[in-house]
Amino acid sequence: MKKIIIAIDGPAGSGKSTTARLAAERLGYIYIDTGAMYRAVTLAWLKQNEVFSEDVICNLLDNIKIELKQSEYGQRTYLNGEDVSDEIRSIEVTKNVSPVSAIGCVREKLVDMQRELGRNGGVVMDGRDIGTVVFPNADLKIFLIASVDARAMRRTLELKGKGTFESVEEIKKQIIERDLYDSSRDISPLKQAEDAIEIDTSNLTIEVQTEKVVGFALEILSK
Ligand code: CDP
């Protein structure tokens, strides 16, 4: 059976990761969370305790190894052989990830890795520029949106579940700042591809939004 490429893009907290992971599970596809790769580079820079500069970060890139491994709990992210899947979700990484992701050498290296990972199809990849830059010819492009209040509430509850307590207002502020940064950067900004299907998840359950994505995929596969 043909194996397609599914690109899921959208702003922070729009439900991309969960939807992408569950849709991949349903289809027997690989799920690739590209945000985790940008987060891993950011963590590597934070660990280095160096100033923020393109040169520092481009040099660092040549000396680190990022790997994505599939486990029964979804994707695990490794930095230089160490499982950093939890560490990359810290508030500190989240606060610094957008400026690191806006650097040209970072995008070049990670986009190359992402294209390689999706080369044979059978992937659901989520991020900000998957449908526009990484796989402009993806078979199915989804753009998830949701109100900023819904996104802030989801993220606050997600963090609480992991033992991090932040107010909804603070999270909302961070989300607005990050969206602005991601959508106004020069290289590969967050934007909806013209041929993407937009789904507003503000009032949808994870099950319903996953069902929609799987439905679109099955329709394409049946042609
Ligand atoms: O899950 P959440 O929406 O909080 O973010 P993420 O998907 O983990 O992505 C974290 C950050 O990485 C984003 O805010 C972007 O700055 C960057 N990113 C990107 O530039 N391009 C991608 N394809 C994926 C993430």
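Two strands pair if DSSP finds at least two bridges between them, and strands here are DSSP runs of E with at least two residues, just as helices are runs of H or I with at least four, both numbered from the N terminus. With that in hand, welcome to this predicted model, in which local features need pLDDT of at least 70, side-chain atom pairs count only at pLDDT 80 or more, and totals for chains, interfaces and linings use all residues. Residues are numbered from 1 along each chain as its sequence is written, and side-chain values use heavy atoms, with hydrogens and water left out.

- Strand 1 runs parallel to strand 6, and the two pair over five bridges.
- Strand 2 (residues 30-33) also pairs with strand 6 in the parallel sense, over four bridges.
- Which residue of strand 6 is the bridge partner of Ile32? Met125 is that partner, and Met125 also has Ala7 standing opposite.

**Strand 7 and its partners**

- Strand 7 is mostly covered, with five of its six residues buried.
- Strand 1 pairs with strand 7 in the parallel sense over four bridges, and Ala7 stands opposite Lys141 there.
- Strand 8 (residues 197-200) and strand 7 form a parallel pair over four bridges, where Leu144 has Ile199 as its bridge partner.

**An antiparallel sheet**

- Strands of a sheet pair through backbone hydrogen bonds, either parallel or antiparallel.
- Three strands make an open sheet in the order 3-4-5, with antiparallel pairing.
- Strand 3 and strand 5 (82-83) stand at the edges with a single partner strand each, so one side of each has no neighbour in the sheet.
- Strand 4 (residues 74-79) pairs with strand 5 over two bridges in the antiparallel sense, and Leu79 stands opposite Glu82.

**Nonpolar cores**

- In soluble globular proteins, nonpolar side chains tend to be buried together.
- A nonpolar core is a set of buried Ala, Val, Leu, Ile, Met, Phe, Trp, Tyr and Cys residues joined through side-chain atoms within 4.5 Å.
- The largest nonpolar core has 34 residues, of which Val41, Ile64 and Val106 touch the most other members.
- Helix 2 gives this core its largest share, eight residues.
- Apart from this core lies another of 18 residues, among them Ile8, Ala23, Leu27 and Ile199.
- Leaving aside residues up to four places away in sequence, Val41 touches Ile57, Leu60, Leu61, Ile64, Ile66, Val100, Val106 and Leu110, where contact means heavy atoms within 4.5 Å.

**Pockets and a cavity**

- On a 1 Å grid over the protein atoms alone, a cavity is a set of points where a 1.4 Å probe fits but cannot get out; a pocket is an open set with protein on both sides within 12 Å along at least five of seven lines; lining residues have an atom within 4 Å of a point.
- Grid points are joined across faces, edges and corners, and a volume is the space filled by probe spheres set on the points.
- The largest pocket has a volume of about 1200 Å³, and Ser17, Asp33, Arg89, Arg155 and Glu158 lie nearest its centre among its 50 lining residues.
- That lining divides into 13 nonpolar, 18 polar and 19 charged residues; Ala, Val, Leu, Ile, Met, Phe, Trp, Tyr, Cys and Pro count as nonpolar, Asp, Glu, Lys and Arg as charged, and the others, Gly among them, as polar.
- The second largest pocket has a volume of about 180 Å³, and helix 8 supplies the largest share of its lining, six residues.
- How many cavities of 30 Å³ or more does the structure hold? There is one, and about 40 Å³ of space lies in the largest cavity.
- Strand 7 gives the most to the lining of the largest cavity, with three residues.

Notes
Buried means under 20% relative accessible area, exposed over 50%, partly exposed in between (1.4 Å probe, protein chains only).
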